[in-house]
Amino acid sequence: MLTSGHLAMWSMIGVGLFNSIMFPSIFALGVAELGPLTGNGSGLMNMAIVGGAIIPVIQGAIADSIGIHHAFFLPVICYLYILFYALRGSSPNSERYAHCLETVKRSMAHPTCM
C-alpha cells in the first residue's frame with residue numbers, strides 16, 4: 001500500500017503465496033471438535049469462500065472511487081480478522097470453555113458460562 005515498483009509487485013506475489021496455505025489451516029481449525037456437526041461446519045466454511053468473490057468487487061469499487069492504494073485497507077481489515085481468528089477464535093471448545101467446565105465441576109454458577 002505504501003510502496004511502488006518491484007517491492008509492491010513482490011509483496012503482492014508474497015500475499016498470494018501465503019494465502020495459498022491459509023485456507024487449509026483455517027478449515028482444519030474451524031471444524032475441530034465439532035463432532036456430529038462437522039458436516040454442517042464444513043459446509044458453512046466452504047460457503048464462506050464467497051467472501052473471496054465479494055471482497056475483490058468491493059475493493060475494485062473503492063479503488064475506482066478513491067484510488068488503488070487506499071483500496072487495500074479493505075483486505076487489511078480482513079487480514080486483521082484472520083489474525084484474531086488465529087490467535088483467539090480458533091481455540092477448540094475444550095480450551096475456550098475450560099474455565100466453565102471447572103466452574104460446573106465446582107457447582108458454582110458463572111455468568112459467562114450460561
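Which element gives the largest share of the lining of the largest pocket? Helix 1 does, with eight residues.

This is a predicted model: local features need pLDDT of at least 70, side-chain atom pairs count only at pLDDT 80 or more, and totals for chains, interfaces and linings use all residues. Residues are numbered from 1 along each chain as its sequence is written, and side-chain values use heavy atoms, without hydrogens and water.

**View 1. The chain has seven helices and zero strands.** Helices (H or I, at least four residues) and strands (E, at least two) are DSSP runs, numbered from the N terminus. The order from the N terminus is α-α-α-α-α-α-α. Of 114 residues, 15% are buried (under 20% relative accessible area; exposed is over 50%, partly exposed in between; 1.4 Å probe, protein chains only).

**View 2. The largest pocket has a volume of about 1,100 Å³.** A pocket is an open set of points on a 1 Å grid over the protein atoms alone, where a 1.4 Å probe fits, with protein on both sides within 12 Å along at least five of seven lines. Lining residues have an atom within 4 Å of a point. The volume is the space filled by probe spheres set on the points. The lining counts 28 residues; Asn19, Met22, Cys78, Tyr79 and Ile82 lie nearest the centre. Helix 1 (5-30), helix 3 (51-66), helix 4 (68-71) and helix 5 each give two or more.

**View 3. Val76 sits in helix 5 (residues 73-89).** Val76 is partly exposed, at 34% relative accessible area.
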